[in-house]
Amino acid sequence: MSIEVRHISKTFGRFRVLRDVSLRVETGELVALLGPSGSGKTTLLRIIAGLEQPDPGSGAILFHDEDVADQRVGDRAVGFVFQHYALFRHMTVFENIAFGLRVRPRRLRPSPVQIRQRVEWLLHLMQLDFLADRYPHQLSGGQRQRVALARALAIEPKVLLLDEPFGSLDAKVRQELRGWLRRLHDEIKLTSLFVTHDQEEALELADRIVVMNEGKIEQIGTPDEVFHSPKTEFVACFLGQVNRFSGRLERGKVHFATFEWLAPPEAQEISCLANIFVRPHDLQVLVEPNGQPTLAARIDHIHSAGPKVRLELTADNGQKLLAEITQDQYRTKQLSVGSRVFLNPQNIKVFPLPSQEGGKG
Amino acid sequence: MAASLRSNSRHHIRGHAPASDLTEPWPIRLALILGTILFLGLFLVLPLVAVFAQALAKGWEAYQSALCQPDTVSSIWLTLLTTAICVPIGTLFGLAAAWCLGKFDFPGRKLLLALLDLPLSVSPVVVGLMFVLVFGRHGWLGYWLESYGIKIIFAVPGVVLVTLFVTGPYVARELIPLMEAQGTEAEEAALVLGANGWQTFWRVTLPQVKWGLLYGIILCNARAMGEFGAVSVVSGHIRGKTNTMPLQVEILYNEYDFVGAFAVASLLAGLALITLVLKTILESKTAHQMALAQVSGPETTVAINSNGAT
């Protein structure tokens, strides 16, 4: 079932949490709402679930192209996984999962045998069989997370909403559960929307990513699109690290530091100040100048533990830069702290600055 | 660090190590312990024993017959009646108030919280006087009520009303911190899963606070049975009619009927002892619920493990 959000705004007191947000999640998709804290992503999720009301007259929430604004929370058939799981402390794992079925009106309620079967099936699916009689406080973080998910799935929801599903787990468990959630989604094909502030999580898990900032959607796209073709400076900065240069667009050329590049096609005609972004792995590191224009720099730190080697550098003009090279390159180039190197950007993103000269924003 | 500290202190106690910073020398320890025992014995245990000793001074027969005096019996009935009315009402009110103040935020919440403390912070005698001023013959409502033949002050309704007033906050005071600590996530989860408001309350909210609720009820009950000051002002001390047990104790004592006075007092003291035992048991249960409320959050793996082990 698809989810559609049309022109939703939300204000708490004087604080505008969401500003005219529109979004569509197609049936069976796994979509991430990515943004820093305070960007309104959790509020959007809660509005979709029906736990918050959007500002009066601001827009519509549609499930399967049907307006659900007047439906009670419980009638929307959403599975919601809370950030801190919100398990019922006084119930066993089994009772927690069975809750949603037990509270149904009598004529819709499955028989006790059916309830038992469904709960046992879910326990099995979540690999929790041996924990049925435990209480939540006797479980580890990862186990609680899976109980919360099983409880949400027990009511056969049409959409699954997850608020920071891995936020309070340690790195190792998080990694495991991530892969596990992806497989689960591929298996049951439930339209799912999850909130996260972790770009890595979003890039790895989601079919599409919705990047949010200050109550607005900055960009919607596949992980590839938002990472490689960020539409705004915010998206470029939020998804991975960047080196930022101040430069100038002029007559179809971009000038920054010691470089001159051809301007991107859409910025051929304008002349204005611009920000130029280069990702650390796009900054080629040379031991000797290769004839092309380069930027000379000195290595301050080397972080070599990991799949890639990260270099912290200071350019001759005083700017601090980050570069990322492979372990192979690191070994053959014999770099060390204090070495003098020459940098050459391979790939740049240009964001014209709005200015009096009439540049576009 | 902690481990080394502990082993150090053990070493000091076992061996004859020089005086450590962590423990006092034994004469001081002995003096402190003896002092505490002496104080407790003198001010707590001895008076309690004295009550029962006095009550039974002339034997079991005298004790029984003292308790069977018609006025005394009627005072016991009145106390039981008052309690039977006040505790259920106080419980319902407390639950409603705690749910409202502990789970929701709204303008005026702080003011209501402060008002809830009023009955506990005002002297009971003043409470009694307040009710006399409002419901007494010369009070604001007294004349009007009397024209309908309703008598409140110097009658049973007055006793019940002031008791209601002074016992009102106990259940709510006990539940509000607990409900605040538990937050509303569990209720939201229940709603999303399709439960209606009533199911959410019975199946989620109430079970999560049950020990705190029982604790509050017991405190409320103890105060309802033991209240003296406020009841004394509004009751009018009419024998066999408006005297509660504490008032009956005073009257008998003033008449030098020591066996009678202490016999009734022994009942109240017995109640206090039972309350104390229940309170101790329930307190640990509530503390456990509170702890659970706090570990439900993030970064709690360690806390949970230690909790699960206990």
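Reply: Let's start with Phe43(B), which lies in helix H2 of chain B, residues 26-55 (helices are DSSP runs of H or I, at least four residues, strands are runs of E, at least two, and both are numbered from the N terminus). Bear in mind that this is a predicted model, where local features need pLDDT of at least 70 and side-chain atom pairs count only at pLDDT 80 or more, while totals for chains, interfaces and linings use all residues. For bookkeeping, residues are numbered from 1 along each chain as its sequence is written, chains are lettered from A and ligands numbered from 1 in the order written, and side-chain values use heavy atoms, with hydrogens and water left out.

Phe43(B) counts as exposed because its relative accessibility is 53% (exposed is over 50%, buried under 20%, partly exposed in between, with a 1.4 Å probe and protein chains only). Areas are Shrake-Rupley values with a 1.4 Å probe, and for residues only the protein chains shown count as cover.

Next along is H3(B), residues 59-68, whose buried residues are Tyr63(B), Ala66(B) and Leu67(B). They sit on the same side of H3(B) because they cover an arc of only 95° around the axis, taken from the directions from the helix axis to the C-beta atoms. Glu61(B) and Cys68(B) are exposed on the other side.

Ser75(B) counts as buried, because its relative accessibility is 0%. Its side chain reaches the backbone oxygen of Thr72(B) at 2.7 Å. Setting aside residues up to four places away in sequence, Ser75(B) touches Asn243(B), Thr244(B), Met245(B) and Gln248(B), a contact being heavy atoms within 4.5 Å.

Zooming out, chain B has 17 helices and zero strands, and 40% of its 310 residues count as buried. Chain B exposes about 17,300 Å², with carbon and sulfur atoms supplying 71% of that.

Terms used:
A polar contact is a pair of N or O atoms within 3.5 Å; within protein, one must be able to donate a hydrogen and the other to accept it, and residues adjacent in sequence count only if both atoms are side-chain atoms.
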